[in-house]
Amino acid sequence: LVMFSSFVSNMTSAMNNLNKLTSEQRNRSATLRQYINDNRVSLALLHLILDYQKSAKGGEKKRLHEEDVAVFKTLPEDLLQKLHEEV
């Protein structure tokens, strides 16, 4: 029961962190859109900015490893083994 409670707590924490990151990303996008609209930036420049934003994000991304995911540290051995079989 303690393991399950710990797992649920870790999962809830991970989901809250994900929601926070998603919310921050939405806010940044909304701010960019508002600035573009308010200042009547050309469509051509908008595309250049968005293309740059996409490529910059691509550079930030890295492949996650199992040890980077806190929830996996609380999984029972049988679930970890199934994860290893699929990945």
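This is a predicted model: local features need pLDDT of at least 70, side-chain atom pairs count only at pLDDT 80 or more; totals for chains, interfaces and linings use all residues.
Thr74 sits in the loop that joins helix 2 and helix 3; helices here are DSSP runs of H or I with at least four residues, strands are runs of E with at least two, and both are numbered from the N terminus. Residues are numbered from 1 along each chain as its sequence is written, and side-chain values use heavy atoms, with hydrogens and water left out.

Is Thr74 buried or exposed? Thr74 is buried, because its relative accessible area is 14%, where buried means under 20%, exposed over 50% and partly exposed in between, with a 1.4 Å probe and protein chains only. A polar atom of the Thr74 side chain lies 2.8 Å from the backbone oxygen of Val71.

Ser9 counts as partly exposed, since its relative accessibility is 44%.

Let me turn to the loop between helix 1 (2–38) and helix 2 (43–60), which contains Arg40. The phi angle of Arg40 is near 50°, a positive value in a residue other than glycine. Arg40 has 78% relative accessibility and therefore counts as exposed.

Within helix 2 we find Leu50, which is partly exposed because its relative accessibility is 32%. How far apart are the C-alpha atoms of Leu50 and Leu32? They are separated by 9.7 Å, and the residues are 18 apart along the chain.

In helix 3, I would point to Asp78. Asp78 has a relative accessible area of 45% and so is partly exposed. Asp78 and Asn17 are 61 residues apart in sequence, and their C-alpha atoms are 26 Å apart in space.

I now come to the chain as a whole. The protein chain holds 3 helices and 0 strands, and its elements run α-α-α from the N terminus on. Its radius of gyration is 20 Å, well over the 12 Å that the globule rule gives for 87 residues, so the chain is more spread out than a compact globule. That radius is taken over C-alpha atoms, and the rule is 2.2 Å times the number of residues to the power 0.38. Along its principal axes, the C-alpha trace spans about 60 × 25 × 15 Å.

How many of the 87 residues count as buried, in percent? The figure is 7%. The chain exposes about 7,800 Å², with carbon and sulfur atoms supplying 57% of it; accessible areas come from the Shrake-Rupley method with a 1.4 Å probe, and for residues only the protein chains shown count as cover.

As for charge, there are 12 positive and 11 negative side chains, and the centres of the two sets lie 11 Å apart. Lys and Arg count as positive and Asp and Glu as negative, without His and the chain ends; each charge is placed at NZ of Lys, CZ of Arg, CG of Asp or CD of Glu.

Finally, a word on confidence. The chain averages a pLDDT of 82, and 93% of the residues score at least 70; pLDDT is the predictor's confidence in each residue, from 0 to 100. Among the elements, helix 2 has the lowest mean pLDDT (80), and helix 3 (residues 77–86) has the highest (87). Thank you.

Key: A polar contact is a pair of N or O atoms within 3.5 Å; within protein, one must be able to donate a hydrogen and the other to accept it, and residues adjacent in sequence count only if both atoms are side-chain atoms.
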